[in-house]
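This briefing goes through one chain, starting from a single residue and moving out to the whole fold. Please keep the sequence and the model in view while reading.

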Amino acid sequence: VLRNVHHVFAEEARRADVELRLRPSELRVEADPVALMRAVSNLVANALKHGRSGSGASRLLIAARWRADGARIEVRDNGPGMTAAKLERALRRGGKGNTSDGEGLGLAIVQDICAASDFHFTIEAVAGGGCKAFIHIPDRN
């Protein structure tokens with residue numbers, strides 16, 4: 001799934017001068033691949049749109065790591081990040097920043113997909129310090 005997401009966004013990232021990296025993983029999870037791909041794709045699309053660094057090289061990482069209680073997919077950018085208040089607004093359906101031309105649905109859709117799939121979604125943002133989004137897929141064994 002992560003390789004496919006990387007492939008889908010590689011050209012868009014190149015055109016936007018964003019270094020899109022994939023940390024390869026052979027990690028396998030028991031999950032609906034379409035739901036997982038939609039959730040990760042929304043995070044990557046959101047980061048490409050809003051996560052560009054104001055100075056220096058813009059970077060975006062897609063990775064998966066095994067944790068004791070399941071797998072964690074990470075999407076990290078080194079962009080402008082956001083304050084806690086902006087993050088709270090971005091997580092609400094229709095909530096978006098003043099400069100956004102989107103519908104304000106990206107993160108709300110990720111939350112909905114994760115809730116319906118029994119995944120756990122969290123996001124951390126720091127104003128001036130980028131964003132880190134995590135999808136935790138519990139071990140089903």
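H136 counts as buried, at 17% relative accessibility; buried means under 20% relative accessible area, exposed over 50%, and partly exposed in between (1.4 Å probe, protein chains only). This is a predicted model, in which local features need pLDDT of at least 70, side-chain atom pairs count only at pLDDT 80 or more, and totals for chains, interfaces and linings use all residues. Residues are numbered from 1 along each chain as its sequence is written, and side-chain values use heavy atoms, with hydrogens and water left out.

- H136 is part of strand 5, residues 131–138. Helices (H or I, at least four residues) and strands (E, at least two) are DSSP runs, numbered from the N terminus.
- Contact means heavy atoms within 4.5 Å.
- T122 is 14 residues from H136 along the chain, and the C-alpha atoms of the two are 8.4 Å apart.

**Strands 4 and 5**

- Strand 4 and strand 5 run antiparallel and are joined by 6 bridges. Two strands pair if DSSP finds at least two bridges between them.
- The two strands make a hairpin with 5 residues between them, and G128 in the turn has a positive phi of about 85 degrees.
- Across this pairing, A125 is opposite C131 in strand 5.
- In a regular strand the side chains alternate between the two faces of the sheet.
- In strand 4 (residues 120–125), F121, I123 and A125 form the covered face, while H120, T122 and E124 form the uncovered one.

**The sheet and the helices**

- The chain holds 4 helices and 5 strands, and from the N terminus its elements run α-β-α-β-β-α-α-β-β.
- The 5 strands form an open sheet in the order 1-2-3-5-4, with mixed pairing.
- Strand 1 and strand 4 are the edge strands, each pairing on one side only.
- From one strand to the next, the twist averages 15 degrees. Axes are lines fitted to C-alpha atoms, for helices over the stretch in contact, and angles run from 0 to 180 degrees between N-to-C directions.
- Strand 2 (residues 58–67) and strand 3 (residues 70–77) run antiparallel, joined by 8 bridges, and A64 is opposite I73 in strand 3.
- Helix 1 packs on the sheet and touches strand 1, strand 2 and strand 3; its direction makes about 170 degrees with that of strand 1.
- Helix 4 lies across strand 4 and strand 5, at about 150 degrees to strand 4.

**S117 in helix 4**

- S117 belongs to helix 4, residues 106–117, and counts as buried at 16% relative accessibility.
- Its side chain reaches the backbone oxygen of I113 at 2.9 Å.
- Not counting residues up to four places away in sequence, S117 touches A35 and R140.

- Most residues other than glycine have a negative phi, and most peptide bonds are trans.
- D17 has a positive phi near 60 degrees. It lies in the loop between helix 1 (2–15) and strand 1 (18–22) and is exposed, at 66% relative accessibility.
- D118 has a positive phi of about 65 degrees. It sits in the loop between helix 4 and strand 4 and is partly exposed, at 49% relative accessibility.

**Cysteines**

- A disulfide is a pair of cysteine sulfur atoms within 2.5 Å, and the count by this rule is 0 disulfides.
- C114 is buried, with a relative accessible area of 1%, and C131 is buried at 10% relative accessibility.

**Whole chain**

- Of the 141 residues in the chain, 39% are buried.
- Taking contacts between residues at least 6 apart in sequence, 62% join residues at least 24 apart.
- The chain exposes about 8,100 Å², of which carbon and sulfur atoms supply 48%. Accessible areas come from the Shrake-Rupley method with a 1.4 Å probe; for residues, only the protein chains shown count as cover.

Conventions. A polar contact is a pair of N or O atoms within 3.5 Å; within protein, one must be able to donate a hydrogen and the other to accept it, and residues adjacent in sequence count only if both atoms are side-chain atoms.
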